[in-house]
Amino acid sequence: MEDGGRLGNMKALLGIVAGAGASYGLYKLISGGTLKRNKKSVTSESSVSVKSGQQSEVKLQPGSLLARVSGLDVVCPRPVDVTSGDIIHQSPNNLEPQHLKMLLSCLQNSNNPSDRCRILLTLGNAAAFTVNQNLIREFEGIHIIAGFLSDSAAEVRVHTLNALNNLSMNIANQEQVKVYVPQVLELIEMSPVNSELQLSALRLLTNLSVTDTHQHLLKESITLLMSLLVVSNEALQVQTLKVLVNLSSNPDMMDDIVQAQAPASVVLLFDQRTAPAVLLRLLTFAGNLKAWRPSAQVADELRRKQDCLFRVMLDESSQLHSRLIQLLSHPDSEIQAHVARILT
């Protein structure tokens, strides 16, 4: 390629990357449709959109081209005379296939963590639109992006998870993203508690667990999620419970859930001092568990399992029942209604 062409493409890329600060839209599953569960008797949740304003700030080198164009709206080259470097303002849904290819290529070849963050953030913005979700998959972009789950920079790993989260709002993409579930679980386990890494990883697992298709991949994660629930802050508790609610909405997952080890202190969260956003989801999770009816033989076997979730929350010896009764006087009427449904 001639120097003029390279310069034009670089300007085009920098223009696109400059728009990484654009807000994420509301994501829809497959041609604008919303994710729906195939279970009618229980409730599940999907992850909310991650806005770029929630991302950690990307530091740019003073004087660099990226620094000079940062903060602009999303831009792309004019369809004619690309080498002239002329650009026009565009929305992320107007990015053309060659722009996505260019971004993925530059992501693979970038040696600068800040540049990788900007490119990943831009790809995540683009994934707000179904057409781009499909194009990124067709360009092998999901595997390219997922390769940065093991990046040495924690900031890059966060942006990688967020991009995969947005791409996973597409069922066809989930078939490729599911391969990385063990790696995502490892990131949750190895990252500092309440870190952005944990939160981003849980958002991705929330989307992957909305339908029953991939929930079996999380069978071994129940103990991890229950442990995280009792040590994390409100934001992480809410996201952890979204995953647990989704899993407990599937009767086929219940055997694995009730047998998993769980800290006894989880019942202490059923308290008027617990944040309402956490308590409501905790009650939904408890309601899903209470709807499960084991045989007498299965219940006896579970009672012999030390510290299993059944003994902590469902057995007659559990403190849960008495704590639920106390919540009947909660000032929030919605919480009262949830408790009443569980107790009846």
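Predicted model: local features only at pLDDT ≥ 70, side-chain atom pairs only at ≥ 80, totals over all residues.
Biologist: What makes up the chain in terms of helices and strands?

Modeller: The chain has 18 helices and two strands. Of its 344 residues, 51% count as buried.

Biologist: Why is α12 called roughly parallel to α14?

Modeller: The axes of α12 (residues 234–248) and α14 (residues 276–290) cross at roughly 20°. Angles under 35 degrees count as roughly parallel, so α12 is roughly parallel to α14. The two axes come within 9 Å, and their crossing is left-handed.

Biologist: How do you know that α12 and α14 meet, and which residues are involved?

Modeller: Contact means heavy atoms within 4.5 Å. On the α12 side the residues are Glu234, Gln237, Val238, Leu241, Lys242, Leu244, Val245 and Ser248. They meet Ala277, Val278, Arg281, Leu282, Thr284, Phe285 and Asn288 in α14. By class, the residues of this contact are eight nonpolar, four polar and three charged.

Biologist: Why is Glu155 called partly exposed?

Modeller: Glu155 has a relative accessible area of 25%. Buried means under 20% and exposed means over 50%, so Glu155, with its 25%, is partly exposed. Glu155 lies in helix α7 (residues 154–167).

Biologist: What share of the contacts in the chain between residues at least 6 apart in sequence joins residues at least 24 apart?

Modeller: That share is 74%.

Note on methods. Residues numbered from 1 in each chain as written. Heavy atoms only, no water. Axes fitted to C-alpha atoms, helices over the stretch in contact; angles between N-to-C directions. Helix = DSSP H or I, 4+ residues; strand = E, 2+ residues; numbered from the N terminus. Parallel < 35°, antiparallel > 145°, perpendicular 65-115°, else oblique. Left-handed = near helix turned anticlockwise from the far one by under 90°. Nonpolar A, V, L, I, M, F, W, Y, C, P; charged D, E, K, R; others polar. Buried < 20%, exposed > 50% of the residue type's maximum accessible area, 1.4 Å probe, protein only.
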